[in-house]
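Biologist: I am new to this structure, and I would like to learn how to read its features one at a time. Could we look at it together?

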Amino acid sequence: MQCPICKKPVDMSRQNRFRPFCSERCQLVDLGTWASGGYEPEGADAEDHEHPDDSKKRRLLH
Ligand SMILES: [Zn+2]
């Protein structure tokens, strides 16, 4: 079994808690890839586009 990130041989025994990755680093790289792929920026709300500060204040007051 090879690590899907760095292609190194992976220890598939229970001692390797990062399976199917070879190390914590490669596991984090894989998670980071998924997170960045499905992430939408907060600026997507067009309603606050012109006066974002005023809109936030109004929402807090009401
Ligand atoms: Zn690896």
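**Reading the metal site and the backbone**

Biologist: At 29% relative accessibility, is C6 buried, partly exposed or exposed?

Modeller: Please keep in mind that this is a predicted model. Buried means under 20% relative accessible area and exposed means over 50%, with partly exposed in between, so C6, at 29%, counts as partly exposed. C3, by contrast, has a relative accessible area of 1% and is therefore buried.

Biologist: Which residues coordinate the zinc ion?

Modeller: The zinc ion is held at 2.3 Å by the SG atoms of C3, C6, C22 and C26, and along the chain these donors follow the spacing C-x2-C-x15-C-x3-C.

Biologist: Why is the arrangement of the four donor atoms around the zinc ion called tetrahedral?

Modeller: In general, the ideal angle at a metal with four tetrahedral donors is 109.5 degrees. Four donors count as tetrahedral if all angles lie between 85 and 135 degrees; around this zinc ion the four donor atoms subtend angles of 103 to 119°, which makes the arrangement tetrahedral.

Biologist: What should I notice about phi of K7?

Modeller: Phi of K7 is near 70°, which is a positive value in a residue other than glycine. K7 belongs to the segment before α1, and with 53% relative accessibility K7 counts as exposed.

Biologist: Is the peptide bond from R19 to P20 cis or trans?

Modeller: The bond from R19 to P20 is cis, with omega near 0°, and P20 lies in the segment before α1, the helix that covers 24-37.

Key. Residues numbered from 1 in each chain as written. Predicted model: local features only at pLDDT ≥ 70, side-chain atom pairs only at ≥ 80, totals over all residues. Heavy atoms only, no water. Donors = N, O, S within 2.8 Å, 3.2 Å for Na, K, Ca; no water. Tetrahedral: all angles 85-135°; square planar, octahedral: opposite > 155°, others 65-115°. Buried < 20%, exposed > 50% of the residue type's maximum accessible area, 1.4 Å probe, protein only. Helix = DSSP H or I, 4+ residues; strand = E, 2+ residues; numbered from the N terminus.
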